[in-house]
Amino acid sequence: MATSPTIYPLQPENPTGPYYPCPNPNKYFEVRTSNIHQRGVFTLKTIPEGIKLIEYIGEKISRTEALQREAINNTTGLTYLFDLNENTFIDGAVGGNESAYINHACTPNCVPRTLEGKIWIVSAREIKPNEELTYDYQFPSDDVVQDICRCGTKYCRGTIQLPK
Ligand SMILES: [Zn+2]
């Protein structure tokens, strides 16, 4: 049996940064087919820790609307909803960018950070070329539908939801 997972084994030491902008995102990562789930985002060159790789953008919707869309998403297995705060969600499926394709991993190499009201996907360690970018989705443990995790990382907890 694996030991109890550390939820943020690779979190940057300083949660508020400073973080640094990615000089040219097109040269640092691209969308490709993923072994984890459908499409993913892969690095093209080495990325140091603490780089603001991409902003998670999309349509801003209410919690009520998000729950309705989530019910539909549960039938397709595709979800691009990100909770900005308790009442506001971002739907990356509407007006989103490559960030919507970043897959979940239980032992990720990126971490989402809310910086000045925007969500940034930040590198949590040095990431080598051709690694898939991932962050921990931290879906709530009480979700009715539990999503099986196929991240294959050392501390995989088996579901994308947090442990109960
Ligand atoms: Zn996993």
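In the predicted model, Glu-55 is positioned opposite Trp-120, a residue of strand 10. This placement belongs to the pairing of strand 4, which spans residues 51-55, with strand 10; the two strands run antiparallel and are joined by three bridges.

Strand 10 also pairs with strand 9, formed by residues 110-115, again in the antiparallel sense and over six bridges. Within this pairing, Pro-112 faces Ile-121 of strand 10. Strand 9 and strand 10 form a hairpin with two residues between the strands, and in this hairpin Glu-116 adopts a positive phi near 50 degrees. Strand 10 itself, comprising residues 118-123, is mostly covered, with five of its six residues buried.

Helix 2 was examined for its length and its exposure. The helix covers residues 63-76, a total of 14 residues, and extends 20 Å from its first C-alpha to its last. That span is close to the 20 Å expected at 1.5 Å a residue. Of the 14 residues in helix 2, one is buried, and the helix therefore lies largely in the open. A residue counts as buried here if 20 or more other C-beta atoms lie within 10 Å of its own.

Key
Residues numbered from 1 in each chain as written. Predicted model: local features only at pLDDT ≥ 70, side-chain atom pairs only at ≥ 80, totals over all residues. Buried ≥ 20, exposed ≤ 12 C-beta atoms within 10 Å, placed from the backbone. Helix = DSSP H or I, 4+ residues; strand = E, 2+ residues; numbered from the N terminus. Pairing = 2+ DSSP bridges. Expected span 1.5 Å × (residues − 1).
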